[in-house]
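Grab a pencil and let's work through a couple of exercises on this model. Try each task yourself before you read its solution.

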Amino acid sequence: MTADTTANLPQNLQAIRDRAPLIHNITNLVVTNVTANALLALGASPAMVENTDEVAELARVANALVINLGTISSSRAAAMRIGARAAVQAGKPWVMDPVAVGALGYRSRLAAELLAERPTVIRGNASEITALAAMQGGGVTAGGKGVDSTLSSAAALEEAKGLASRTGAIVVVSGAMDYVTDGKRVTGIANGHPIMTRVTGMGCTATALIAPFLAVTPDAFAAAVQATIVMGVAGDTAMEMAGGPGSFQVAFLDVLYALEGEEILAKARLT
Amino acid sequence: MTADTTANLPQNLQAIRDRAPLIHNITNLVVTNVTANALLALGASPAMVENTDEVAELARVANALVINLGTISSSRAAAMRIGARAAVQAGKPWVMDPVAVGALGYRSRLAAELLAERPTVIRGNASEITALAAMQGGGVTAGGKGVDSTLSSAAALEEAKGLASRTGAIVVVSGAMDYVTDGKRVTGIANGHPIMTRVTGMGCTATALIAPFLAVTPDAFAAAVQATIVMGVAGDTAMEMAGGPGSFQVAFLDVLYALEGEEILAKARLT
Amino acid sequence: MTADTTANLPQNLQAIRDRAPLIHNITNLVVTNVTANALLALGASPAMVENTDEVAELARVANALVINLGTISSSRAAAMRIGARAAVQAGKPWVMDPVAVGALGYRSRLAAELLAERPTVIRGNASEITALAAMQGGGVTAGGKGVDSTLSSAAALEEAKGLASRTGAIVVVSGAMDYVTDGKRVTGIANGHPIMTRVTGMGCTATALIAPFLAVTPDAFAAAVQATIVMGVAGDTAMEMAGGPGSFQVAFLDVLYALEGEEILAKARLT
């Protein structure tokens, strides 16, 4: 199973670098720069557009859409609703990052609305995924402190599987071990370094990197697994040359730009 | 006096790293990423939320609030009013950074409004503190050029003491020498490097780092002194390994993440 | 001709470092931090203010204004209209960056409106300049993919000259070769490195750096040429010490801070 979903990672990475898919991001104020740079380093062409007068036009021509709830406002929420709807109508994949859902009521309600637009992939930490699953009828209680999870990813795995089954989305739960599931299959990815929790926007980057993979393959499960592997291996490799969270960020972009597909597969730690 | 306010710096820093206090930031567009990373490197858990539909809910559960006037808009100003009120009502400390107050009329009026919510600590450069003191009845004329001060911190010290006495806030004036005062006591901190004025958001970072100290100690004067020392010593230490304003920023985060309390005290230059 | 427009680059750079001109930026969410840091590293004093209640007041006292359409919203568009008008009325130079104009209808209409306020300099990539020229009556079809150009700068040179002639603005077309034209004269600058297209906001930085040169010289053509040379030489020099797009950004700020005028002229590759 794992081999099937990872074997063409080098080809997909090369396709991203060759085609530079246009990735539309409606994301948060903290990570706009970080996300754009990570997408550029990978080889994609990011566009950060959240204007309600422009999002539908861009979502139709972009190759994939990323919606991140980090710093929502009423106008940004409106842009998300318009953008998700336009992407779906144009047959474009979209990824949702439910930042801090469960911890704050307004964004939890918005996330429930956006779920109705059927995201292709949902990525969050254990608290966020658990909260989203509970809202969807899974019936467990959420736990979270702002944007940081208070649960382990393993504790959220059953909730993630239920969320995937009910919504049709691929669900990624980030943590010391990352899990990707479509409700039946589960791939665990053990790459990545704890320092990534001391750098803002690493989760948002993990979400954003899924979009270019969705743009080059119709297999959303494989896209989510491969992007999560790239994220984790880039983190491991960057940490080998970093001395703290500042130099880590610098090395992460350098590594993302240079890593080759075969090297990534060789470093992947899957279960 | 100085010994009293700095002796437990190592314990407070350790408490921040152990408890990861949730710091709510309503801040400016230029520094959201920088501020979040500095708080994470120190050991705190930042949340950047400025949505008027969410700020009260978050301010009540967060351990401290930071309000920074750098890029205000009418909706951001509304969020600041709601957030400050909610923090005060919930008994949470809050820090105000009056960016460019005195230079522009709209934000000067907003700053006066926010002062009525009694910030726990106010941190600014000499021009900003002088302008704020003048608005509060101190009667001097403000001087400032956009966000950069045209006065030395020493020139603003008497104004800072007056502002502290009238508002009950601890006041920090940043400059080549930083001063912290409660209106009677004054601690001067000579750490820090001039290159910090060539990196955007260093003042905003100095403000933000006060919040986690307020979250772990009820002594607001000590919290402001200790955070200001950490900021200055981290700057000094980072400059030892930096070659300019780009590498300084990288080193600053690495140093903030790694510095130990005893080392910080040993490097502090107090008066 | 070239000698005339570059000979006083060292003096102008020194004037920026001595006077620290106040540069008002109404720019996009992705690059606020990057732009502020580049302006600080060069020696200018940036202020990022986009509040409709403050832009006119600041535009009148600032030494130059930068308007960047990257992440426009209705309120940011309103701020741009107010700011451009106030700058012109106060006799201050202003620079326009028509990010992604041509690719999205709303911003193309806004760009046409802003052109009526007669920007001193316009800087964009080939797709953006071609689109702007077409809107202005040049009659060619635009090509662009989000924020990235699908045309070479040489292909846009005739359009750039026409745009300059019709608007009275100096026009800069960025690409592997950068062109600066006033409609008659053309200076080509071959500095810069392809990795700059893999770092977000490098075009926005190229735009912003023109403003402090406009603040210290009345010769707008020379200001645009000199700023474009500084940008390209700083890029070349940074790439000598960088290993990818992350370390490039760090080195770029260090270099911009340290480069001396004579060294810049020695490294300039002009045609």
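Below are two exercises, each with a worked solution.

This is a predicted model, in which local features need pLDDT of at least 70 and side-chain atom pairs count only at pLDDT 80 or more, while totals for chains, interfaces and linings use all residues. Residues are numbered from 1 along each chain as its sequence is written, chains are lettered from A and ligands numbered from 1 in the order in which they are written, and side-chain values use heavy atoms, leaving out hydrogens and water.

**Exercise 1.** Describe the contact between chain A and chain C.

Step 1: count residues. Chain A brings 27 residues and chain C brings 29, where contact means heavy atoms within 4.5 Å.

Step 2: look at the area. About 2,200 Å² is buried between chain A and chain C, with carbon and sulfur atoms giving 56% of that (buried area is the accessible area, 1.4 Å probe, that two parts lose on being put together, summed over both). On the chain A side, A:L40, A:E54 and A:Y257 lose the most, together 23% of what that side buries.

Step 3: C:R107 pairs with A:E54, and their closest N and O atoms are 2.7 Å apart.

**Exercise 2.** Check the length of helix α5 (residues 74–89) of chain A.

Step 1: helices here are DSSP runs (H or I, at least four residues), numbered from the N terminus. The expected span is 1.5 Å times one less than the number of residues.

Step 2: the 16 residues of α5 in chain A should therefore span 22 Å, and the end C-alpha atoms are 23 Å apart, which agrees.

Terms used. Salt bridge = Lys/Arg side-chain N within 4 Å of Asp/Glu carboxyl O. Helix = DSSP H or I, 4+ residues; strand = E, 2+ residues; numbered from the N terminus.
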